[in-house]
Amino acid sequence: ENVRGTLVAVYFPAYMDGLNTPGLHFHFLREDAGAGGHVLALSFRGLTAELDETPAFSMALPRDEAFRQLDLTAELGSAIARVETGGATAECAAPAR
């Protein structure tokens, strides 16, 4: 509460379901980079807003064996919904490093 930082809002259209949660998705990083994460509710004063419409992005994935062995076919909808609505476990809501 009463902290300065950067709020990032990302919008994913419905057809992106599965890659991310459709709709607006908010993250916050405290000014000193000591904490950050999902934003579920907010209020603000003195907001400066900028819009960056990014039509494409590139994702770099790990190339190690552990990543190659991951089962990425699992249905994660309920786990993602918990994180997006504030029901995350401590591991999901860890402060930024």
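**Close-ups of a predicted model**

Phe 44 is exposed, with a relative accessible area of 53% (exposed is over 50%, buried is under 20% and partly exposed is in between, using a 1.4 Å probe and protein chains only). This is a predicted model, where local features need pLDDT of at least 70 and side-chain atom pairs count only at pLDDT 80 or more, while totals for chains, interfaces and linings use all residues. Residues are numbered from 1 along each chain as its sequence is written, and side-chain values use heavy atoms, with hydrogens and water left out.

**View A. Phe 44 and its nonpolar patch.** Phe 44 sits in the loop between β3 (36-38) and α1 (65-69); helices are DSSP runs of H or I with at least four residues, strands are runs of E with at least two, and numbering starts at the N terminus. Together with Leu 7, Leu 42 and Leu 47, Phe 44 makes up a nonpolar surface patch with about 380 Å² of accessible area. Patch members have over 30% relative accessible area and no salt bridge; nonpolar side chains (Val, Leu, Ile, Met, Phe, Trp, Tyr) are joined within 5 Å, like charges within 9 Å. Areas come from the Shrake-Rupley method with a 1.4 Å probe, and for residues only the protein chains shown count as cover.

**View B. His 25, tucked into strand β2.** His 25 belongs to β2 (residues 23-30) and counts as buried at 9% relative accessibility. Its side chain meets that of His 27 in a polar contact of 2.9 Å (N or O atoms within 3.5 Å; within protein, one able to donate a hydrogen and the other to accept it, with sequence-adjacent residues counting only if both are side-chain atoms). Setting aside neighbours within four places in sequence, His 25 also touches Val 8, Ala 9, Val 10, Asn 20, His 38 and Glu 84, contact being heavy atoms within 4.5 Å.

**View C. Arg 4 reaches Glu 31.** The structure has three salt bridges, each a side-chain nitrogen of Lys or Arg within 4 Å of a carboxyl oxygen of Asp or Glu. Here Arg 4 pairs with Glu 31, with closest N and O atoms 3.6 Å apart. Arg 4 is in the segment before β1 (5-12) and Glu 31 in the loop between β2 and β3, so this bridge ties together parts 27 residues apart in sequence.

**View D. Glu 65 and Arg 68 in helix α1.** The closest N and O atoms of this salt bridge are 3.3 Å apart. Glu 65 and Arg 68 are three residues apart in α1, so about one helical turn separates them.
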